[in-house]
Amino acid sequence: MTEVVLQTRGISKAFGAVQASTEISLDLRAGEIHALIGPNGAGKSTLIKQIAGNLAPDSGTVQFLGRDVTGLGTVARARMGLGRTFQISALAMEHTVLQNAVLGALGARGGVFRFFRDVMRNRELTEVAMQALERVGLQDQAATRTAELSHGQRRQLEVAVALTLGPRAFLMDEPMAGLGAEGSKHLTGLLDGLRAEAPILLVEHDMDAVFALADRISVLVYGRVIATGTGPEIRANAEVRQAYLGAEDAA
Ligand SMILES: Nc1ncnc2c1ncn2[C@@H]1O[C@H](COP(=O)(O)OP(=O)(O)OP(=O)(O)O)[C@@H](O)[C@H]1O
């Protein structure tokens, strides 16, 4: 049986009268990209936040690497190897590309440094950071100020920062947002190669990227998973077409 790396069981979350998650049970298996799609406001970000530990579910559990992590915060989950990229960039724009990657490596490992320059002199951290930059193809930009990167390069850097954890799983919230065709293609290739290293739970509105990449797709509508399956299964699903894809086709 395929190893389940990350799993939610019956997760529910309400904001006042809005039921943002209803009994959501899904799993992320070794080696896969599992995409989470659904209309605006369906509850995708809310689910990611509960898996990452930013938001506590009202009920249900999150299991990571066979352990119940529902009571753990984001830092503890990250240190276990839950890597994440964000919908809105969390990079330090005035720092260089390498400094951002080193800060990621430091965050993952902990360690006490009085001065930032001491962090940058730490051989282990800089090596981990450089390796991550090489993986995403940003090694030549290591000394560039992050603010000078293109939007697509910033997305690559976010993946590199997540890679410094040595992640066992990735959560990615709309990595393709704002990228042009060329940038999306490049990032699609990068994610395609990453899945063997750590499976990816991918929230994405770019349907071309989703159907090109995803081994499985779950469709969220009004806080409920209405279907999970392969790309062809999801395309053929009548309920999905009516609730979501049909509406996109018509648009
Ligand atoms: N902190 C909050 N307080 C109140 N309501 C919230 C909060 N966060 C989300 N919601 C509501 O929960 C529902 C799900 O929102 P969520 O952002 O998870 O959807 P989404 O699928 O990620 O949307 P999008 O595709 O637009 O990013 C929405 O109705 C939203 O207004």
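**Exercise 1.** Which strands does helix 1 (residues 44-52) lie across, and at what angle does helix 1 run to strand 7? Work on the predicted model.

*Solution.* An open sheet is formed by 6 strands in the order 6-7-8-3-9-10, and its pairing is mixed. At its edges stand strand 6 (82-85) and strand 10 (224-229); each has a single partner strand, so one side of each is left without a neighbour in the sheet. From one strand to the next, the twist averages 15 degrees.

Next, take one pair inside this order. Strand 3 (residues 33-37) and strand 9 (residues 216-221) run parallel and are joined by 4 bridges. His34 stands opposite Arg216 of strand 9.

Now place the helices. Helix 1 lies across strand 3, strand 6, strand 7 (169-173), strand 8 (200-203) and strand 9. Its direction is at about 150 degrees to strand 7. Helix 6 also packs on the sheet, where it touches strand 6 and strand 7. The direction of helix 6 makes about 165 degrees with that of strand 6.

**Exercise 2.** Determine the strand order of the sheet of 4 strands and identify its edge strands.

*Solution.* The order is 2-1-4-5, the sheet is open, and the pairing is antiparallel. Strand 2 (18-29) and strand 5 (67-68) each pair on one side only, which identifies them as the edge strands.

Then examine the pairing of strand 2.

**Exercise 3.** Describe the packing of helix 6 (residues 151-163) against helix 7, then against helix 5.

*Solution.* Two quantities are needed, since a packed helix pair is described by the angle between the axes and the distance between them.

For helix 6 and helix 7, the angle is about 15 degrees and the axes are 9 Å apart. Angles under 35 degrees count as roughly parallel. Helix 6 and helix 7 are therefore roughly parallel to each other. The crossing is right-handed. The contact brings His151, Gly152, Arg155, Gln156 and Val159 of helix 6 against Gly183, His186, Leu187 and Leu190 of helix 7. By class, these residues are 3 nonpolar, 5 polar and 1 charged.

For helix 5 (residues 123-136) and helix 6, the axes come within 8 Å and cross at roughly 135 degrees. That angle makes helix 5 oblique to helix 6. This crossing, too, is right-handed. Helix 5 contributes Ala132, Leu133, Arg135 and Val136, and helix 6 contributes Gln156, Val159, Ala160 and Leu163. The contact of helix 5 with helix 6 divides into 6 nonpolar, 1 polar and 1 charged residues.

**Exercise 4.** State how the chain is divided into domains, and characterise the side of domain 1 that touches domain 2.

*Solution.* The domain assignment gives domain 1 as 1-81 + 167-251 and domain 2 as 93-165. Their C-alpha centres lie 26 Å apart. The contact takes 12 residues from domain 1 and 10 residues from domain 2.

On the side of domain 1, helix 2 (74-80) and helix 7 (181-194) each supply at least two residues. Helix 7 gives the largest share of that side, 4 residues. The side of domain 1 that touches domain 2 has 7 nonpolar, 4 polar and 1 charged residues.

Note on methods:
Residues numbered from 1 in each chain as written. Predicted model: local features only at pLDDT ≥ 70, side-chain atom pairs only at ≥ 80, totals over all residues. Domains from an automatic or database assignment. Contact = placed C-beta atoms within 7 Å. Nonpolar A, V, L, I, M, F, W, Y, C, P; charged D, E, K, R; others polar. Pairing = 2+ DSSP bridges. Axes fitted to C-alpha atoms, helices over the stretch in contact; angles between N-to-C directions. Parallel < 35°, antiparallel > 145°, perpendicular 65-115°, else oblique. Left-handed = near helix turned anticlockwise from the far one by under 90°.
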